[in-house]
Amino acid sequence: MPDRWQTLLQLARAAHADHPDLRAFCDFPDDLSRLPANQHRIPATDLLEAETGLISDDRHSAFRDGFIGCAPLADWRQTYKDTNIGADFLNRFGCYELIGLEGTFHSHQMRGFVVYSPADLHYPWHHHPAEELYLVLAGEAEFCIHGEKPKTLRPGDTTYHASMVPHAMTTHDHPVMAYVLWRGNLMDPPVLTHAEMAP
Ligand code: ZN
């Protein structure tokens, strides 16, 4: 039986070679080492496994399927567990790390995550020191960057977030799956931009 993680890593490598925005953002890492699997499910894992709305295209559907295939094996994260982000977000949003400091494939050079959001969910304004590139693999979402007009992104579209610039994401009628790259400061996690206004 093929190793699903190796398959997914090859899909990530191929996506990197294929997409000019990914290539321009960073080199594909050359320091990868496999870490032991630490499976951890969160509510979004169940939702993703039951999801039927992640429509993609010929160029991105294999990468989408690779992330879905590794979903039961992955160490899913709830980055905002100890914040006031609210139960609905925690119960429906999820991500896991493929490449990076805590990824299945360890690297110090970049981080590569998958994020999944079902339909009708708002990911509030947040920021982080890392520079970030989103590549939508399936579905669609509205992306907002502080000071810019919102834009709706679909499979193959990318958006760039500069260091510490607040951004947000909202799904409406469709879910979204995106591949997210980080470069620069890989250590510091995202924080909610308006956390200081918490009740
Ligand atoms: Zn971000």
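**Entry 1: glutamate 132.** I began with glutamate 132, which counts as buried because its relative accessibility is 4%; buried means under 20% relative accessible area, exposed over 50%, and partly exposed in between, with a 1.4 Å probe and protein chains only. A note on ground rules: this is a predicted model, where local features need pLDDT of at least 70, side-chain atom pairs count only at pLDDT 80 or more, and totals for chains, interfaces and linings use all residues. Residues are numbered from 1 along each chain as its sequence is written, and side-chain values use heavy atoms, with hydrogens and water left out.

I placed glutamate 132 in strand β6. Helices (H or I, at least four residues) and strands (E, at least two) are DSSP runs numbered from the N terminus. Not counting residues up to four places away in sequence, glutamate 132 touches Phe25, Thr159, Tyr160, His161, His167, Val180, Leu181 and Trp182; contact means heavy atoms within 4.5 Å.

I then checked its polar contacts. The term covers a pair of N or O atoms within 3.5 Å; within protein, one must be able to donate a hydrogen and the other to accept it, and residues adjacent in sequence count only if both atoms are side-chain atoms. The side chain of glutamate 132 makes one with the side chain of histidine 167 at 2.9 Å and one with that of histidine 128 at 3.3 Å.

**Entry 2: the strands around β6.** I followed β6 to its partners; two strands pair if DSSP finds at least two bridges between them. β6 runs antiparallel to β11, joined by 8 bridges, and β6 also pairs with strand β9 (residues 158-161) in the antiparallel sense over 4 bridges. Glutamate 132 stands opposite tryptophan 182 in β11 and opposite histidine 161 in β9. Valine 136 has alanine 178 in β11 as its bridge partner.

β11 is also joined to β4 by 7 bridges, again antiparallel, with glycine 112 opposite leucine 181 in β11. I checked burial for two of these strands: 8 of the 9 residues of β6 are buried, so β6 is largely enclosed by the rest of the structure. For β11 the count is 7 of the 8 residues, so β11 too is largely enclosed.

**Entry 3: the open sheet.** I traced 5 strands forming an open sheet in the order β8-β7-β10-β5-β12, with antiparallel pairing. Its edge strands, β8 (151-153) and β12 (191-192), each pair on one side only. Inside that order, 4 bridges join β7 (residues 141-145) to β10 (residues 167-171), and cysteine 144 has alanine 168 in β10 as its bridge partner.

**Entry 4: glutamate 97.** Is glutamate 97 buried or exposed? Its relative accessibility is 2%, so glutamate 97 counts as buried. The side chain of glutamate 97 reaches the backbone nitrogen of leucine 101 at 3.2 Å, and a polar atom of that side chain lies 3.4 Å from the backbone nitrogen of glutamate 102.

**Entry 5: the cores.** A nonpolar core is a set of buried Ala, Val, Leu, Ile, Met, Phe, Trp, Tyr and Cys residues joined through side-chain atoms within 4.5 Å. The largest has 33 residues, of which Phe67, Tyr96, Ile99 and Tyr179 touch the most other members. Its largest share, 5 residues, comes from α1. I also found a second, separate core of 23 residues, including Ala130, Phe143, Met169 and Val180.
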